[in-house]
Amino acid sequence: MAESVYLGSNKALTKIYNNRFFCVDTTDHGFSHCILFDKIWEKWITDSFVRVLQPGMTVVNAGALMGYYTIVAAHEIGNTG
């Protein structure tokens, strides 16, 4: 199964490190390329963020640009969060 699929109109669907699907803009040469190639953004921050998350927590992602940390948090805190 492909890790990333080009959808057209400069959009690609890819999996991030926790196997959640994420849509990126293929014309972006910063964030999107890191996600497409590495499946993770700011590894040191993502790792620290995940370590403090617990099932059932409430998380507010103020200023979300693409929603990456929202998807990471949603996966870690589960349906009760």
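In which strand is the place of Val5? In this predicted model, Val5 belongs to strand 1, which covers residues 4–8. With a relative accessibility of 42%, Val5 counts as partly exposed, and together with Leu7, Leu13 and Phe21 this residue makes a nonpolar surface patch of about 350 Å².

**The nonpolar core**

The largest nonpolar core has 11 residues, namely Ala12, Ile16, Phe22, Val24, Phe31, Ile35, Leu36, Ile40, Tyr68, Tyr69 and Val72. At least two residues of this core come from each of strand 3 (21–25), helix 1 (31–38) and helix 3 (68–77).

Phe22, with neighbours within four places in sequence left aside, is in contact with Ala12, Leu13, Thr14, Ile16, Phe31, Ile35, Met66, Gly67, Tyr68 and Ile71. Ile35, which has its place in helix 1, counts as buried because its relative accessibility is 0%. Under the same exclusion of sequence neighbours within four places, Ile35 is in contact with Thr14, Ile16, Phe22, Val24, Ile40, Trp41 and Tyr68.

Tyr17 and Ile35 are 18 residues apart along the chain, and their C-alpha atoms are separated by 8.8 Å, whereas Ile35 and Pro55, 20 residues apart in sequence, are 25 Å apart from C-alpha to C-alpha.

**Two buried threonines**

Which residues have side chains joined to that of Thr14 by a polar contact of 2.6 Å or 3.1 Å? Thr14 lies in strand 2 (residues 11–15) and is buried, since its relative accessible area of 0% is under the 20% limit for that class. Its side chain is joined by a polar contact of 2.6 Å to the side chain of Ser4, and by another of 3.1 Å to the side chain of Lys39. When residues up to four places away in sequence are not counted, Thr14 touches Glu3, Ser4, Arg20, Phe21, Phe22, Val24, Ile35, Leu36 and Lys39; of these, Phe22, Val24, Ile35 and Leu36 are listed in the nonpolar core.

Thr46 is found in helix 2 (residues 43–52), and with 0% relative accessibility Thr46 counts as buried. A polar atom of the Thr46 side chain lies 2.6 Å from the backbone oxygen of Trp41. Apart from neighbours within four places in sequence, the contacts of Thr46 are with Tyr17, Ile40, Trp41, Tyr68 and Tyr69.

Tyr17, one of these contacts of Thr46, lies in the loop between strand 2 and strand 3. Its relative accessible area is 31%, so Tyr17 is partly exposed. With neighbours within four places again left aside, Tyr17 is in contact with Lys39, Ile40, Thr46, Val50, Tyr68, Val72 and Glu76.

**The salt bridge in helix 2**

The count of salt bridges comes to 1. This salt bridge is formed by Asp47 and Lys43, whose closest N and O atoms are 2.7 Å apart. Because Asp47 and Lys43 are 4 residues apart in helix 2, they are separated by about one helical turn. Asp47 counts as partly exposed at 26% relative accessibility, and Lys43 is partly exposed as well, with a relative accessible area of 46%.

Most residues other than glycine have a negative phi.

Conventions
Residues numbered from 1 in each chain as written. Predicted model: local features only at pLDDT ≥ 70, side-chain atom pairs only at ≥ 80, totals over all residues. Heavy atoms only, no water. Patch = residues over 30% accessible without salt bridge, like charges linked within 9 Å, V, L, I, M, F, W, Y side chains within 5 Å. Areas by Shrake-Rupley, 256 points an atom, 1.4 Å probe, with all protein chains shown as cover. Salt bridge = Lys/Arg side-chain N within 4 Å of Asp/Glu carboxyl O. Buried < 20%, exposed > 50% of the residue type's maximum accessible area, 1.4 Å probe, protein only. Polar contact = N/O pair within 3.5 Å; in protein donor to acceptor, adjacent residues only side chain to side chain. Contact = heavy atoms within 4.5 Å. Core = buried A, V, L, I, M, F, W, Y, C linked by side-chain atoms within 4.5 Å.
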